[in-house]
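Here is a short report on one protein model. The sequence and structure come first, and the notes follow.

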Amino acid sequence: MQHMPDPLDTKNRQYMQRQQNAKRMQRTQPAMPGAHFAMSRVVMPETPIPAFHTHKSPQRQQKQRALRHAVLRFLLLGVILECLFLALYPLFVYATPHSDVLQNALLSFFPGSKTFYWSGVLPFLASLLAPFPWLHPDSPGGDANLQLLVLAFACLMLLLAFTAGWQVAKERLTPAHGRILFWIILLFAVVFGSTLLFAPVSLTASSQDTLLYGLYGRIVVFYHANPYVVAPIHTSAATLHDTLLSVLGPQVTGTPMQLGPIWADASSLMALLTGNSFATSVIGFRLLGLVVHCINVALLWTIVTKMKPAANSTGSVSSNTSGNAMCITATLLYAWNPLVLLYSIPYMHADVVVVLFLLLALFFFQRGVLTVGWVFTLLAALVNPLCLLLLPIFFRLMLRQSRVMRIGGGGHLFRWIGMLGISALVVGLVYAPYWQDWSVVGILATVSHAFIQDTAIHSVDAALLHLPVQLPDALQWVISPAHWSVFVLAGVGLFLLFATWLADTFEIALLFNSWLLLLLVALLPIFWPWSLLPLLALALCAGNQRTLNLVLLLCLSGIATYYSSLWPLPWATLGLVTIGLPLLLWGWLLFFTSTWQMTSKVESEQPRKGRDTMHRQSITGFSRPPWLSRPSHPGKGHYL
């Protein structure tokens with residue numbers, strides 16, 4: 001039988017069609033007089049109005065819960081770290097006799113710092129250490145061992161905070177949540193720095209450089225001499241009565257200044273502001289280190305956020321799932337790092353200012369302001385001459401970016417002429433106050449002294465020189481500091497040529513500069529733990545996990561170097577522990593992780609069924625893998 005249409009369904013469809021036509025005419029045609037009255041007579045069918053749910057989605061609730069847990073863990077770990085830094089106060093005093101001039105000057109400047117000594121507030125803690133004489137502060141070497149234990153616990157708290165930041169970043173937090181964690185990290189960085197600002201440290205190899213900075217500034221301001229030409233002890237008869245000269249001794253003050261003229265200007269300004277009191281000079285440099293450290297933390301967050309964006313402007317998570325993790329953990333590893341805090345504030349060194357200039361250069365390079373970024377890189381080299389080796393890679397990057405941005409013709413030429421003119425102007429203005437009796441020969445001698453080192457301290461070369469076995473004469477000639485420096489520079493030069501050829505993107509240039517500083521720090525005859533600060537900052541910005549693992553291992557060895565400076569007897573073969581052991585551990589870590597990745601990849605691949613699959617599996621032998629495409633070489637119509 002033929003199916004007949006239902007008249008009721010037909011009427012319903014016609015009614016719905018008329019209602020749709022009426023709505024369409026109401027939207028597309030202007031309203032006429034009486035139209036409202038006519039439309040009001042149309043009886044609309046009763047339709048249920050959807051209810052708006054006010055409760056949050058489960059995914060959003062999970063993000064809020066993860067953020068609360070991360071905030072609580074950060075607050076707890078930050079409080080524990082603050083207690084550990086306060087625990088170092090009496091240990092700094094126990095490290096040397098009470099006749100230490102620097103320590104007594106700082107204690108007289110901050111007499112209230114004694115109220116934070118746990119040895120006086122909580123005396124039962126000292127009694128708990130009585131069964132362990134190697135940890136008791138009153139026993140020989142007990143204060144140094146206890147300092148090492150406290151710093152080890154501080155590194156453990158940093159590792160736990162790193163784990164908490166990594167776990168919460170997996171929840172794909174929004175940028176607002178990430179900023180909340182950043183402000184917590186920055187707040188505790190200020191608290192830690194303010195705590196270490198009042199630390200009564202003693203005169204050791206770590207703290208004598210801060211006094212030397214003040215002495216060089218006094219030579220310029222009060223004695224009107226050139227610190228690059230004459231050593232402080234030979235400046236004039238007036239300097240023989242200087243308090244800093246008598247505190248440091250002739251062995252330390254017998255060499256002219258080795259850092260760049262930018263730092264000589266900063267030391268002169270600090271001497272002008274602090275006057276003759278060397279305690280005030282130390283506090284001034286500490287305040288400078290605290291301010292610069294906080295700025296470095298903010299710059300590091302900004303740079304890593306731009307390199308690893310976690311979310312777009314609408315708040316949705318991008319394809320880069322590790323963006324939040326890199327932003328949070330990289331900032332945390334620098335801001336709360338005990339090594340960075342020690343050598344930025346209580347034992348303030350010029351390398352923290354080098355980090356500031358390098359981060360400012362990266363900040364402007366990211367935003368395409370190439371000339372300003374180049375000037376800040378040049379300023380970093382005018383503080384530490386070793387940063388001169390970073391200039392060729394950044395120059396290659398500028399060439400590449402200028403080609404991509406299609407700066408052609410006269411604009412391209414004028415751009416490079418202007419950049420060279422600004423560079424010459426900066427160098428001329430910086431060196432002009434010290435030109436008298438120095439000239440080009442003295443400048444080259446000062447710069448070459450940073451690369452060709454005549455002594456070996458805490459390095460692999462120093463360990464080889466003090467081996468208990470007798471080495472052949474040819475090998476002894478090779479490991480002498482001057483010859484060792486030449487061989488290291490030759491290898492670094494070959495690596496620099498290779499890096500300059502390949503560094504055509506910002507990320508690759510940053511990675512190569514990190515490895516360039518890594519080779520210099522690990523292989524040169526003189527190793528100081530504060531030279532790791534610029535290397536750590538560049539490695540954190542680069543975001544390469546394998547490079548960062550090695551740098552963090554070297555930072556742990558830097559704490560061991562600090563521990564060795566507290567002992568009266570030097571450790572000649574310390575370089576085997578501070579440099580050789582991290583390299584060995586990093587090599588084994590790289591081997592095991594690579595093996596695990598290869599085996600897990602093979603196990604995850606399921607064999608396909610069919611003859612073709614069996615035939616492909618039966619083919620064995622070696623074959624050359626195809627060359628990877630190079631996305632860093634865009635076409636003529638593309639940008640970086």
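## The largest pocket

The largest pocket has a volume of about 1,300 Å³. Of its 39 lining residues, Asp209, Gln258, Ile526, Trp528 and Trp530 are the closest to the centre. A pocket here is an open set of points on a 1 Å grid over the protein atoms alone, where a 1.4 Å probe fits, with protein on both sides within 12 Å along at least five of seven lines; lining residues have an atom within 4 Å of a point. Grid points are joined across faces, edges and corners, and the volume is the space filled by probe spheres set on the points.

This is a predicted model: local features need pLDDT of at least 70, side-chain atom pairs count only at pLDDT 80 or more, and totals for chains, interfaces and linings use all residues. Residues are numbered from 1 along each chain as its sequence is written, and side-chain values use heavy atoms, with hydrogens and water left out.

What is the lining made of? Its residues divide into 26 nonpolar, 10 polar and 3 charged. Nonpolar covers Ala, Val, Leu, Ile, Met, Phe, Trp, Tyr, Cys and Pro; charged covers Asp, Glu, Lys and Arg; the others, Gly among them, are polar.

Helices H9 (208-221), H15 (351-366), H19 (439-451), H23 (506-523) and H24 (532-542) each supply at least two lining residues. H9 gives the most, with 5 residues. Helices are DSSP runs (H or I, at least four residues), numbered from the N terminus.

Most residues other than glycine have a negative phi. Ser439 has a positive phi, near 60 degrees. Ser439 lies in helix H19 and is partly exposed, with a relative accessible area of 29%. His458 also has a positive phi, near 55 degrees. His458 sits in the loop between H19 and helix H20 (460-465). At 18% relative accessible area, His458 is buried. The classes are buried (under 20% relative accessible area), exposed (over 50%) and partly exposed (in between), with a 1.4 Å probe and protein chains only.

## A nonpolar surface patch

Leu581, Leu584, Leu585, Trp588, Phe591 and Phe592 make a nonpolar surface patch of about 630 Å². Trp588 is found in helix H26 (residues 575-604). Trp588 is partly exposed, at 47% relative accessible area. Patch residues have over 30% relative accessible area and no salt bridge, and nonpolar side chains (Val, Leu, Ile, Met, Phe, Trp, Tyr) are joined within 5 Å. A salt bridge is a side-chain nitrogen of Lys or Arg within 4 Å of a carboxyl oxygen of Asp or Glu. Areas come from the Shrake-Rupley method with a 1.4 Å probe.

| Pair | Sequence separation | C-alpha distance |
|---|---|---|
| Ser108 and Pro200 | 92 residues | 9.7 Å |
| Ala105 and Ser277 | 172 residues | 9.4 Å |
| Ala325 and Ala169 | 156 residues | 4.7 Å |
| Val427 and Val375 | 52 residues | 9.9 Å |

Ser108 is in helix H4 (residues 101-109). Ser108 counts as exposed, at 55% relative accessibility, whereas Ala105 counts as buried, at 13%.

Is Ala325 buried or exposed? Ala325 is buried, with a relative accessible area of 4%. Ala325 belongs to helix H13 (residues 323-335). Val427 lies in helix H18 (residues 409-431) and is partly exposed, at 29% relative accessible area.

How values were computed: Patch = residues over 30% accessible without salt bridge, like charges linked within 9 Å, V, L, I, M, F, W, Y side chains within 5 Å.
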